Amino acid sequence: MSVWKKQVGGKHYTKYKIQPSKFVVENKLLYPEGNVIKYILRHQNKGGKEDLLKAMHFIEMIIERDYGEEKAKTETWIEGYKKWKASK
């Protein structure tokens with residue numbers, strides 16, 4: 001059985017056409033972006049309001065990482081990573 005067709009510890013992801021983890025992997029998303037997707041999808045079936053608060057926390061992390069005021073108007077981490085990845 002494919003790893004994408006099973007779930008260990010519950011059934012709150014298997015009802016979707018594509019599991020959040022597969023979506024994250026296929027789209028090469030970073031950890032915080034992947035967690036936002038995960039928590040938003042599962043809030044109605046697992047963690048409720050707490051899952052939405054977790055998603056908001058990860059969104060705040062992304063905003064601080066990519067758009068934080070303490071950063072000079074220079075290349076963001078993700079821009080540098082994309083340049084590095086393209087050069088490989």
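Colleague: So a helix here is a DSSP run of H or I with at least four residues, numbered from the N terminus. Where does Gln-19 sit, then?

Modeller: Gln-19 is in the segment before H1. Keep in mind that this is a predicted model.

Colleague: OK. Is Gln-19 buried or exposed?

Modeller: Gln-19 counts as buried, because its relative accessibility is 9% and the cut-off for buried is under 20%.

Colleague: What does Gln-19 touch, apart from residues up to four places away in sequence?

Modeller: Gln-19 touches Trp-4, Lys-5, Lys-6, Tyr-13 and Thr-14. Trp-4 also lies in the segment before helix H1, which covers 20-26.

Colleague: How accessible is Trp-4?

Modeller: Trp-4 is partly exposed, at 31% relative accessibility. Along with Val-3 and Val-25, Trp-4 makes a nonpolar surface patch of about 270 Å².

Colleague: Let's zoom out. How many helices and strands are there in the chain?

Modeller: The chain has 4 helices and 0 strands. Read from the N terminus, the order is α-α-α-α.

Colleague: How does the radius of gyration of the chain compare with the globule rule?

Modeller: The radius of gyration is 16 Å, well over the 12 Å that the rule gives for 88 residues, so the chain is more spread out than a compact globule. Its C-alpha trace spans about 45 × 35 × 15 Å along the principal axes.

Colleague: And what share of the residues is buried?

Modeller: Buried residues make up 25% of the 88. The chain exposes about 7100 Å², with carbon and sulfur atoms supplying 58% of that.

Colleague: Which residues form the largest nonpolar core?

Modeller: That core has 5 residues: Val-36, Tyr-39, Ala-55, Phe-58 and Ile-62. As a general point, nonpolar side chains tend to be buried together in soluble globular proteins.

Colleague: Pick Ile-62. What is Ile-62 in contact with, leaving aside neighbours within four places in sequence?

Modeller: Ile-62 is in contact with Pro-32, Glu-33, Val-36 and Tyr-67. Glu-33 turns up again in a salt bridge with Arg-65, where the closest N and O atoms are 2.5 Å apart.

Colleague: Which helices does that pair of Arg-65 and Glu-33 tie together?

Modeller: Arg-65 lies in helix H3 and Glu-33 in helix H2, so the pair ties together parts that are 32 residues apart in sequence. Arg-65 also meets Asp-66 in a salt bridge, at 2.7 Å from N to O, which links Glu-33, Arg-65 and Asp-66 in a network of salt bridges. Asp-66 is buried, with a relative accessible area of 12%.

Colleague: How many salt bridges does the count come to?

Modeller: The count is 3. One of them pairs Arg-42 with Asp-51, the closest N and O atoms being 2.8 Å apart. Arg-42 is buried at 10% relative accessible area, and Asp-51 is buried at 1%.

Colleague: Last topic, Ala-86. Where is Ala-86, and is Ala-86 buried or exposed?

Modeller: Ala-86 lies in helix H4, residues 77-86. With a relative accessible area of 64%, Ala-86 is exposed.

Colleague: Back to Gln-19, then. What separates the C-alpha atoms of Ala-86 and Gln-19?

Modeller: A separation of 28 Å, for two residues that are 67 apart along the chain.

How values were computed: Residues numbered from 1 in each chain as written. Predicted model: local features only at pLDDT ≥ 70, side-chain atom pairs only at ≥ 80, totals over all residues. Heavy atoms only, no water. Patch = residues over 30% accessible without salt bridge, like charges linked within 9 Å, V, L, I, M, F, W, Y side chains within 5 Å. Areas by Shrake-Rupley, 256 points an atom, 1.4 Å probe, with all protein chains shown as cover. Salt bridge = Lys/Arg side-chain N within 4 Å of Asp/Glu carboxyl O. Helix = DSSP H or I, 4+ residues; strand = E, 2+ residues; numbered from the N terminus. Buried < 20%, exposed > 50% of the residue type's maximum accessible area, 1.4 Å probe, protein only. Contact = heavy atoms within 4.5 Å. Core = buried A, V, L, I, M, F, W, Y, C linked by side-chain atoms within 4.5 Å. Rg over C-alpha atoms; globule rule 2.2 N^0.38 Å.
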